[in-house]
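This report looks at side-chain interactions in a single protein chain, and the sequence and structure are shown first.

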Amino acid sequence: MLVFDFMEALSNYFSHEFRVYYEDTDSGGIMYYANFLKFAERGRTEALRDIGLSQQDLSEKDGLNFIVKSCYINYVKPAKLDDTVVVKTLFKRVQQTSCVVVQSLICNGFLLAELEVVVVCVKKNHEDSLVPAKIPLDIASKIRQNNKSVVPLVAHSSVTMKTYSNFNK
């Protein structure tokens, strides 16, 4: 079984902080599970901004949009009201019409959740339906240049994080 320090492994990912507000939580002050997806979306959007890509500009100027095709999420630990959640984002692979993104949500050094998201580039056809579109080479190149060649963390049975033993304390 592979064991490694996940904070060190995440040091090269794009990193963005978001606060957990009252609106993000249930009556017990625990962040509602679906809001992990919202925080991850914000992290992907900010990572694209970091490399000079605006989703609004892509939509308005090029007619291109990135939509989620699939999402695997592994919930590890809850986030609570007023926590600062750090969203780490890595563009793992860019293909002709899609991109695989790996993300980890962390609070106070503890892994809260990890995701692997496939986003697809789409545009409207002549019938106003969304259809897959090739990611323009300049955009794909920007994303690939910022793939920091770090092993993604999405945990499977063969991966254990050092800090898992601290989660039940």
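## Aromatic pairs

The model is predicted, and a search of the whole structure finds five aromatic pairs in it. One of them joins Phe 18 and Phe 39, whose ring centres are 6.0 Å apart and whose planes make an angle of 70 degrees, an edge-to-face arrangement. Because Phe 18 belongs to strand β2 (residues 14-19) and Phe 39 to helix α2 (residues 34-50), this pair ties together parts that are 21 residues apart in sequence. Phe 18 is buried, with a relative accessible area of 16%, and Phe 39 is likewise buried, at 0% relative accessibility.

The rings of Phe 36 and Tyr 75 are also edge-to-face, since their planes stand at 85 degrees, with 5.3 Å between the centres. Phe 36 is buried, with a relative accessible area of 3%, whereas Tyr 75 is partly exposed, with a value of 36%. Both residues belong to one aromatic cluster, which also includes Tyr 32 and Tyr 33.

A ring also takes part in an interaction of another kind: the charged end of Lys 77 sits over the ring of Phe 110, at 5.5 Å from the ring centre.

## A buried aspartate and a loop tyrosine

Asp 83 lies in the loop between β3 and β4 (84-94). Although Asp 83 is buried, it has no salt bridge, and the nearest side chain of opposite charge, that of Lys 80, is 6.0 Å away. The side chain of Asp 83 does, however, reach the backbone nitrogen of Lys 80, at 2.7 Å. With residues up to four places away in sequence left out, Asp 83 touches Phe 18, Arg 19, Val 20 and Cys 107; Phe 18 is thus both a neighbour of Asp 83 and a partner of Phe 39 in an aromatic pair.

Tyr 22 is placed in the loop between β2 and α2 and counts as exposed, at 64% relative accessibility. Its C-alpha atom is separated by 9.2 Å from that of Lys 80, although the two residues are 58 residues apart along the chain.

## Salt bridges

The structure holds three salt bridges. In one of them the side chains of Glu 41 and Arg 44 meet at 2.4 Å, N to O, and both residues lie in helix α2, three residues apart, which is about one turn of the helix. Glu 41 is partly exposed, with a relative accessible area of 33%, while Arg 44 counts as buried at 8%. Another salt bridge joins Arg 49 to Glu 46, with the closest N and O atoms 2.5 Å apart; because these residues are three residues apart in helix α2, they too are separated by about one helical turn. Glu 46 is partly exposed, with a relative accessible area of 25%.

The side chains of Lys 92 and Glu 116 also meet in a salt bridge, at 3.0 Å from N to O. This pair links distant parts of the chain, with Lys 92 in strand β4 and Glu 116 in strand β6 (residues 110-124), 24 residues apart. Lys 92 is partly exposed, with a relative accessible area of 29%, and Glu 116 is partly exposed as well, at 25%.

How values were computed: Residues are numbered from 1 along each chain as its sequence is written. This is a predicted model: local features need pLDDT of at least 70, side-chain atom pairs count only at pLDDT 80 or more; totals for chains, interfaces and linings use all residues. Side-chain values use heavy atoms; hydrogens and water are left out. Rings of Phe, Tyr and Trp (its six-membered ring) pair if their centres lie within 6.5 Å; planes under 30 degrees apart count as stacked, over 60 as edge-to-face and the rest as tilted. Helices (H or I, at least four residues) and strands (E, at least two) are DSSP runs, numbered from the N terminus. Buried means under 20% relative accessible area, exposed over 50%, partly exposed in between (1.4 Å probe, protein chains only). A charge sits over a ring if NZ of Lys or CZ of Arg is within 6 Å of the ring centre and within 35 degrees of the ring normal. Lys and Arg count as positive and Asp and Glu as negative; His and the chain ends are not counted. A salt bridge is a side-chain nitrogen of Lys or Arg within 4 Å of a carboxyl oxygen of Asp or Glu. A polar contact is a pair of N or O atoms within 3.5 Å; within protein, one must be able to donate a hydrogen and the other to accept it, and residues adjacent in sequence count only if both atoms are side-chain atoms. Contact means heavy atoms within 4.5 Å.
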